[in-house]
Every structure is written in structure tokens, then in C-alpha cells.
Amino acid sequence: MKTLPGVDVVIIGGGWAGLLMAKELGTRTSVSIIVLERGPSRRASDYVADMDELDFYIRSRMMQDLSRETVTLRHDATRRALPLRQHGTFLPGTGVGGSGEHWNAQVPRFLPDCFELFSKTIAKYGAKALPADHAVRDWGITYDELEPYYTRVDKLLGSSGQAGNLRGKLIEGGNIFEGWRSEEYPTPPTKVPYFAALFRDAAKSLGYHPYPAPSANISRPYTNPDGISRGGCTYCGFCNRFGCMVGAKAQPTNLLLPILQKHKNISLRTGTWVRRILFDSGSNLARGVSYIDSAGQEIFQPASLVFLASWTFNNTRLLLLSGIGEPYDPVTGQGIVGSNLTHQVTVPSATAFFDQPLNRFMGSGSAGFMFSDFDRDDLDRSSLNFLRGGYIAARGFGFQPIANFGVVPNAITATWGSEWKKFAVSYYDRTGAIIFTGEHLAYKSNYMDLDPLYKDKLGDPLLRLTLDWRDNERRMVDFGTGKSVEVARAMGAKEINAFGGLRSYDTTRYQSTHVQGGTIMGASPERSVVSPYLQHWRLPNLFILGASTFPQNASANPTPTLLGLVYRTADAIVDRYLKHPGLLA
Amino acid sequence: MRRRHFLSLSAATVGGVLIYTLDGKASLLSFQQKPVRIPLRFFTETEALIVAAATSRIFPSDESGPGAREAGVVIFIDRQLAGPYGKDRFRYTEPPFEDGPRELGYQGSLTPRQIYRAGLKGLGAFHLLDHAAQDAALRKIESTNFFVLLRQNTIEGVFCDPMHGGNVDMIGWQIVGFPGPRMSNYDEIETYYGKAFRPKPVDLRQVTGAAIRPGEEEP
């Protein structure tokens, strides 16, 4: 193994979290920073030629190369896990920018009570309200503490939307159920695709409170506090699994990379496959990382500070492979690393068929409307048979024909041939899906560990997921489906396919790229891997960034929350840690 | 090296001049009269004839518009199988291969190339059968991996960007009213509520003016 000269900071993973940390530390201090990214280099200008559904959407060009590494999955611990041999339920990205390049840029915040889910639920409903095998935790941080960082994130991204709660004042037209915002969104809401307009009007007529979906595909030109200017969205419809060809979508390559490239103390090494974080068990300090470079050579990169920012799965896997912390054992309840695996409940709750055309090729990954009347904790629970809830949304992603041709009302049973084709052609532009997105609680028996059998290309064990839905999610989905069908009817749909219900966790259906847990944060070193400053409790010069630190899923999409936490950690490191290294919490 | 195979496409097979109406219905005005000989990358000529026949039963040319045959789907599939997709370049293919529940996805060891080769062998002289017999033969294999792949690849070939060899003359896009990679809908997105907006389709090379290397040409 070749040892390189030491640096101050090494960051594993060149996505949103890693590059934001690199920007904050690299521009506010003079520390030397190496970012290690295992995928290819990317630039914002790459995306002019990417508007090809086949190579990008269908063949997953921006996603991790599963021939090198995947995860295995089983529904419960009595079964043998099998590898996910092709992409499906989630789509982790690779290359500079990570999943932040191909995302839809939906940027809702979490509800305030999500951060104190355990204590608030117990206080309100009693200890028996939580399922017997739950692993729900408080985060060790409150919404009020995080709010200033959420606001910084919105300014970084230029988020488009309309506030529903401005410093406690409720504003009709925004999400009146959201946590307070200290400031209005930096840019106004996006334009509204027709299907979403139908949804908005129908939801309003039913007494709900629809609001423009928060979007980091921005509605008009905007210059952020770092001086980065972007144009507004053109609604070309190529966001979902694509990079943005006009740069209207917030991406690490357009917001962070240009700044990093101007600073000589920051360098980015692509094609570098990190295998271990090395640490000294005497001093309890991380020493650096070992990786395989693009030429296949094994390298040791010493560093004074190590940031692990390589998405939920690899964050968890690298701790397990490196022997850092005790692996979680669901039988004894000992150990923490790998616990609290959650996904996000996302289903096409009501697919609606109309007489009139929808022009659904137009849109953006986050242009649309949603309502959160069932995503709040002051619901009347007496008639509900589940905990928590979710939001109901209609978005005009910009739909392309390979992925969307062939959706027909359930009454039509043909799946090929003239009759199928006739209906599939006629319904092609007359079909829209309402989506229900709900919270996934943490359970003791949903967790991650190392697979005993399957290996990656380098011979290291794959990460194994033990994951299935429980009745709480199934009932929540049934409820959300019923409400969505009512909205679809009020939209004037002629036919409606209601979602058939959650059964076993299905890896073949894309749900979302929002997977949480494995290296959770919390207020106590006994029950969490990192502190609320994302600092490893035992190795204080190791920080873990990303949704792997979330104790459980909140219905909302994770990116603004994880970026807010990165800002908060960066402040603490610049203001305190670099002066006096040690535990921040 | 294998013997070079060609697919001869006759008058009514590929290419033509299209008109399309506001509601997206496309019809062929006139056909090219000259037969074309297209070199095959993966299929033998017989295999290509079977694929052309089968995909045009899946997505037929009929009163709801042109089908897989006019879109050049067989050429699209031939190129896909010859490229990285056909050899499972990006799939996790480490053993052991074990059957699992449907929710864990395809667990087999066979690549798309191998699935096609075996599946086509099973169809025998399919291309020589009449339509009713062809439909009956396809119904028999409906639940196989081969058919699932054939159906999916047919849809891909009808609706892909023409640079991949299918969707000839953007015929698939015209059937459903998809305009291709249009750079901006800023002025239209809120002005066509409830009315069809059907701009003339453009493909990616026309939009960017650049030579783009499709995925099937990658190693």
C-alpha cells in the first residue's frame, strides 16, 4: 500500500453532503481538503446532450454500477438475502454530485415533531401507541435549532415555493401545517402543469389546503449568497434521472463545484474506491482512509479529520467493514451500527384517466401541488388505525414514453397486441398519477449488516438489508389511497386505478431514493453512532454526513434536512473544533 | 468471427413520410420503394425475421397507427443486444444464482443475449406462421422472461430517440404526441390547459446539433 502525504481533511463521497462540507471548510478556512469520489467526474455542461430517455432513464446511466457492488435484501431474518441484481426500488447515483445530479429537486422540510418523534408520541398517546417492535428515536436536535440552517439551504438552492407559516403567522396558499419559516422562499412558486392544476382545484373543493410543491428547479433567475447565478426552469421535463441541461435545477455541479475549483486547498479525486477508514484504537482517532485508485493501486491517505459522506448504504457499510463501532444485533438489541433502516412510503395512490389531453411531456421534477392535511400530528386519531401520516401530491415530472406507455385502466386486461395498443395510445396523454408519500417508522427488525455470502468486485462483503413493511405503513397507504381516489374523482377522472396496497417490500418498483439509518444520530452515545453534530461518539475526528444519520424517515424528502445538518456541523467545526479538537456535543 | 448477417427490409417495412394530426394520430403517406439491406450486429437473419414478426404482433401496425415494424424495432433490439446491455455489463452477476420471491427481481444468470438466443430457438419458424398462429405462439410464452424482455424492448424500440435505431422518423413519438427533447415549454405549460399541444417532434441530434454516442456503442 502506497502512503500519500497527509492532509487536514479527507471527505469520502463527492455528492451534496461531501461537497457542501468541502465548500464550507475550504472557503472559510485554509485547511487542505481531499474529496474522494468513486464515480466519474462530471460538469454541469455535460448535460446538454443527456436528454435521452433510453440511456439515462431506462438504462440508469447516472446510477451506481451494480456490476461492481450492490446490496442484498431479505424480508426477515429467517430468510436468505439475495442481491438486487438490477436497479429498482431506489436509485443511488454515482460520480461527482452523486444523487444530487439526477434528483427531482423536491425540497420540503420535515415537520417539527419529526425530530422529537419518540418523546412527542409518548407524551401525546402513551407508550403503548408505538408498535411493539418500534425503534423510534428522538434526534437530539429540534426543528427550532435547525430552522436557521434550513433557511441557509433554501438560499443556497434558491428554493421556489410559498410559505405557509412565516414566523408563526399562517398564510393561506402555503402549507399551513408546516413548521415556522423565518423567511419567505427565495423564489416564487414554479408554473403549474395542467394535471397539477386540476389536482389543486379539486383538493381545494374538498376542503384541503393545497400548496405549490417546494422546488429547487427554480421558477426564475436567482443568484445565491455564494454568488452563483442560475436561470429559471424551462419545463422541458428532463429532470428525473437526468442532469439539468440549463442548470435551473440545483445540483452540486452547478452550486458547489465551481467554487471548489477556485480554491487550491481543495482537490477532488475521482475513480477512487474507499475500502476502509483506518483508526488508532489507543488514541481513538481516525488516521485516514485506504482506497483503490483508478489504476487499481491501493493507497493510504492520512488525514486529521475524516468525513464519511457516501450515502446511506456506503456510510453504514464502511463503518462495518472498518470495524468502527459495534454492529447492531436485532436479537440481543446490542450494538447500533446498521440499526434503524427506513425507506419512505411512496405509492401511486390513484392513477386517473381523463377525456382531455394533459400535455404531460411538459413539466419539471418538482412542479406541482401537494397537500399535507394528513401529514400532521394534530389529526383526530380516534378514527385512524395508524400512526403518523403523509402528503398527497400531483406533479408534472415531464413524462417520457418508454417508461409511461401502456398504463391503462384496470378493466383492460390485454398487455400486448392491437387492443392493448389502441387503449395505451389513446390514454397515453390522458393519464396522471396522484402520489401518496408517508412516514416510515423505524423497527427493531429492519436493519443492515454485512452479507455472509455475496461480495463486491474487490472481494468485500455486500451490505445486507433486512427490510419489510409493517401494518402501520399498510394501513397508512390504504388510507392515503382512499383520499387520493376521492381527489381524482373530484378532478373529473373517468376511470381511476387505485393502488392495490402494500404487501411485502417490493424491490422491483421504484419508490424513492430516500433511505435512512445505519449510523443514526442522537443525544446519547449509548443509543446513537453520532452526536447531533454528526460527530462519531468514539472517534471524535470522524464525522458522518447524510441521511444515514436520520433515526427514522419523515414523510418529506431528505435533502434539505441533511444539508441543513451539514451547515450546522460545518459551523461548529469552523468555530470550535478546529480551535479545540474534541467532542462538540 | 461469425458470418455476417443482413436483414433485407422490403418496401412496407421501414421509413416513410408521415403526416400527423393535432390529436397525435400518425399515418404513413407513402412508403420508400427501395429495399434496404441492414447489417446485423447480433441476430442471424432468421432470428431477425422472427423478432420483427413477434414485435409487430406485440405492437402491431393497425388502425391505431404504425407499429414496431415501421419503427424499426428489430434493428433497435439487435444493436442493444450487441452492446453493453446485451451482455449485462451493468448488472450484478456474481454467483450463486438462486430463485427468490418475485419482489427481489430477476435473479437469473442468463444475459439478455442468452435469453433471446434460447427464446428465439423455442419459437421455431414463427415468422412463417399466420397472425393467428403467431398470437397463439406468443400467448404460450407470455409468462417467460424472454417474453417480458421482448415486450419491454419493443416499447423501447418504438419510443427511443432515433439515434438508437428505433422510432424511425420519430414515428412512435408521433403516435402518442411526444415532441422529443424539447428545450423549453416555458411559454406553453400554463396556456394549453385541457388542449393538446403537439409541436413537431425533434430528436436529440437535431436539438443539440452534436454527434452523440448512444449507450449501445460503448464497450
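Tutor: Let's begin with contacts: two residues are in contact if their C-beta atoms, placed from the backbone, lie within 7 Å. In chain B, residues 24 or more positions apart account for 67% of the contacts with a separation of 6 or more. This is a predicted model, where local features need pLDDT of at least 70, side-chain atom pairs count only at pLDDT 80 or more, and totals for chains, interfaces and linings use all residues. Residues are numbered from 1 along each chain as its sequence is written, while chains are lettered from A and ligands numbered from 1 in the order in which they are written.

Student: What mean pLDDT does chain B have?

Tutor: pLDDT is the predictor's confidence in each residue, from 0 to 100. For chain B the mean is 89, and 86% of the residues reach 70 or more. Over residues 11-32 of chain B, however, pLDDT stays under 50. For the complex, the predictor gives an ipTM of 0.96 and a pTM of 0.96.

Student: How many helices and strands are there in chain B?

Tutor: Helices (H or I, at least four residues) and strands (E, at least two) are DSSP runs, numbered from the N terminus. Chain B has 8 helices and 4 strands.

Student: At what angle do the axes of α4(B) and α6(B) cross?

Tutor: Two packed helices are described by the angle between their axes and the distance between the axes. Axes are lines fitted to C-alpha atoms, for helices over the stretch in contact, and angles run from 0 to 180 degrees between N-to-C directions. Here α4 (residues 112-123) and α6 (residues 145-159) of chain B cross at roughly 110°, with axes that come within 9 Å. The two helices are therefore roughly perpendicular (65 to 115 degrees). Among the residues that meet are Tyr116(B) from α4(B) and Phe146(B) from α6(B).

Key
Parallel < 35°, antiparallel > 145°, perpendicular 65-115°, else oblique.
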